[in-house]
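This report is meant for a reader who is meeting the structure for the first time. Please look over the sequence and the structure before going on to the sections that follow.

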Amino acid sequence: MPYDVVVIGSGPGGYVCAIRAAQLGLKTAIVEKWSTFGGTCLNVGCIPSKALLHASELFDEAGHGFAEFGILVGKPKLDLAMMMKHKADTVAANVNGVAFLLKKNKVDAHIGTGRILAPGRVEVTAADGKVSELQTKSIVIASGSVVAPLRDGKGDVIEVDETIIVSSTGALDIAKVPAKMIVVGAGVIGMELGSVWRRLGAEVTVVEFLDRTLAGLDLDVAKQFQRLMEKQGIVFHLSSKVTGIAKTKSGAKVTVEPVAGGEAQTLSADVVLIATGRIPYTEGLGLDALGIALDQRKRIVVDAHYATNVAGIYAIGDVIAGPMLAHKAEDEGVACAENLAGKAGHVNYDVIPNVVYTFPEVASVGRTEEELKAAGIAYNIGKFPFTANGRARANRTTEGFVKVLADQSTDEVLGVHIFGAGAGDMIHEAAVLMEFRGSAEDLARTCHAHPTMSEAVKEAALAVGKRAIHI
Ligand code: FAD
């Protein structure tokens with residue numbers, strides 16, 4: 001029997017799209033080439049990395065933070081295998097949860113590689129080679145992204161063996177804490193996974209092409225972030241490029257050159273993590289033959305309804321433009337399914353939070369100061385440090401600050417940037433406020449429970465009008 005929708009890929013974009021489509025009464029199937037659902041995010045991305053970030057944070061705190069609270073536990077011992085089991089159990093619970101949700105919503109799941117033969121026709125090749133065909137009114141491509149290859153000075157791709165030269169996937173599965181680790185790229189994934197191994201005992205050096213960390217995030221935040229990461233023992237080589245990685249008997253030698261030119265230096269490491277970004281994944285989908293348009297970065301081009309240039313074929317998530325984030329993919333999945341069911345699905349791209357799950361966390365929503373300057377928008381700034389927050393003192397988490405950027409003439413909040421413990425949870429009051437196009441005054445007048453870290457958000461909003469109370 002033909003389907004209304006066939007979704008290719010079961011990451012956060014695909015599985016959420018399939019569930020929403022089924023909720024709206026559309027007969028829905030999902031095709032996934034891996035043996036488990038949940039895509040990059042649940043299998044080798046967000047979820048396993050957060051399991052290791054949390055566990056390694058506790059390990060680090062037990063070793064360095066407990067004594068100041070009067071808790072003496074001695075030097076903690078690492079059971080890496082147990083930590084990895086915690087990660088594996090977390091992944092299993094989540095991927096099985098998606099399988100359950102698909103079943104509950106009566107989405108037909110087909111394990112195999114999907115290829116679009118024509119609009120309305122998807123071929124599925126199972127692992128054992130068995131081929132079947134699904135007929136459908138609409139096809140949604142949610143095939144996600146993969147690790148971007150790194151090229152050496154000669155332009156050759158540096159081979160990733162996932163043991164010595166690892167991608168994020170290998171970095172989630174290292175059997176023994178490396179004595180020395182080099183991370184190529186000071187973006188979110190490099191900083192999160194670099195933090196994990198630093199806390200577990202590795203000497204971590206980060207090599208970054210740009211002259212700053214966390215490209216795209218507010219520079220003020222990135223500067224303080226780098227200082228704190230340095231305090232935690234991470235060494236940075238900024239404005240530097242890796243021009244070669246040679247494997248040795250026990251590790252690798254990494255050649256690093258200043259971007260501006262100058263003498264190269266060689267750094268040695270037991271493990272090198274390549275974290276220079278991700279690229280859209282469309283291999284084997286048959287897009288060329290269908291004439292589906294891609295942009296210059298090989299992302300599928302879609303309109304405001306996620307429709308490609310070929311009628312009946314849609315695309316969402318990491319495979320289209322926009323931030324490569326799970327929640328962005330999920331929201332697009334919902335919007336796309338709602339559009340297919342004749343509703344008015346929509347994503348507000350101005351209000352997509354972004355979190356870096358280091359300690360402390362970085363969280364932001366809306367525009368950075370640099371973006372407002374470039375757009376010529378006049379703004380007021382309100383800033384409040386956690387050193388002046390009572391709960392932060394009680395918790396010994398006084399590092400960082402909240403920064404609110406509001407339109408100078410209307411007071412509408414245009415961006416909020418938080419660097420501090422729990423920032424990833426605190427950011428959402430700013431997201432809700434901005435979704436309703438609220439002002440700094442609205443935020444400042446909202447009663448915040450005491451004593452909470454979130455009071456710093458209110459104080460930063462008060463500071464926009466130069467009337468913060470506690471500083
Ligand atoms: P994906 O999750 O990549 O899923 C695509 C799926 O499609 C895969 O399962 C793939 O097997 C399948 N597929 C591809 N082609 C075919 C085919 N032809 N047939 C059948 N199946 C196919 N984002 C956050 O928001 N927060 C985080 O904390 C976070 N942490 C991350 C940490 C790491 C280490 C990594 C690598 C990524 C992280 N991300 C995070 C990014 C997040 O994982 C992605 O943005 C998100 O998974 C994209 O969802 P998607 O549905 O577009 O694609």
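## The antiparallel sheet

In what order do the 3 strands of the open sheet with antiparallel pairing stand? The order is 12-13-14, as read from a model that is predicted. Strand 12 and strand 14, the latter covering residues 265–269, each have a single partner strand and stand at the edges, so one side of each is left without a neighbour in the sheet. From one strand to the next, the twist averages 25°.

Strand 12, which covers residues 240–247, pairs with strand 13, residues 252–258, in the antiparallel sense over 7 bridges, and a hairpin of 4 residues joins the two. Within this pairing, Val242 has Val256 of strand 13 as its bridge partner. Strand 13 also pairs with strand 14, again in the antiparallel sense, over 5 bridges, and here Thr255 has Thr266 of strand 14 as its bridge partner.

## The parallel sheet and its helix

Another open sheet has 5 strands in the order 8-15-9-10-11, and its pairing is parallel. Its edge strands are strand 8, residues 165–166, and strand 11, residues 235–237, each of which pairs on one side only. Strand 8 is joined to strand 15, residues 271–274, by parallel pairing over 2 bridges, and Ile165 stands opposite Val272 of strand 15.

Helix 6, made of residues 188–199, packs on this sheet and touches strand 9 (180–184), strand 10 (203–207) and strand 15. The direction of helix 6 makes about 165° with that of strand 10.

## Domains

According to the domain assignment of the protein, domain 1 is made of two stretches, 3–146 and 279–340, while domain 2 spans 165–276 and domain 3 spans 354–464. The centres of domain 1 and domain 3, taken over C-alpha atoms, are separated by 31 Å.

Which residues take part where these two domains touch, counted on each side? On the side of domain 1 there are 7 residues, and they are in contact with 4 residues of domain 3. The residues on the domain 1 side divide into 3 nonpolar, 1 polar and 3 charged.

## The surroundings of the ligand

The ligand is surrounded by 36 residues, and the closest of them are Gly9, Gly11, Gly39, Gly144 and Gly317. Divided by class, the shell around the ligand holds 15 nonpolar, 18 polar and 3 charged residues.

## A pair of crossing helices

The crossing of helix 3 with helix 4 is right-handed.

On the side of helix 3 the contact is made by Ile47, Pro48, Ala51, Leu52 and Ala55, and on the side of helix 4 by Met83, His86, Lys87, Thr90, Val91 and Asn94. By class, this contact has 7 nonpolar, 3 polar and 1 charged residues.

## Backbone details in loops

Asp411 has its place in the loop between strand 21 (401–407) and strand 22 (413–420).

How values were computed:
Residues are numbered from 1 along each chain as its sequence is written. This is a predicted model: local features need pLDDT of at least 70, side-chain atom pairs count only at pLDDT 80 or more; totals for chains, interfaces and linings use all residues. Domain bounds come from an automatic or database domain assignment. Ala, Val, Leu, Ile, Met, Phe, Trp, Tyr, Cys and Pro count as nonpolar, Asp, Glu, Lys and Arg as charged, and the others, Gly among them, as polar. Two strands pair if DSSP finds at least two bridges between them. A residue is near a molecule or strand if its C-beta atom, placed from the backbone, lies within 6 Å of it. Axes are lines fitted to C-alpha atoms, for helices over the stretch in contact, and angles run from 0 to 180 degrees between N-to-C directions. A crossing is left-handed if the near helix is turned anticlockwise from the far one by less than a right angle, and right-handed if clockwise.
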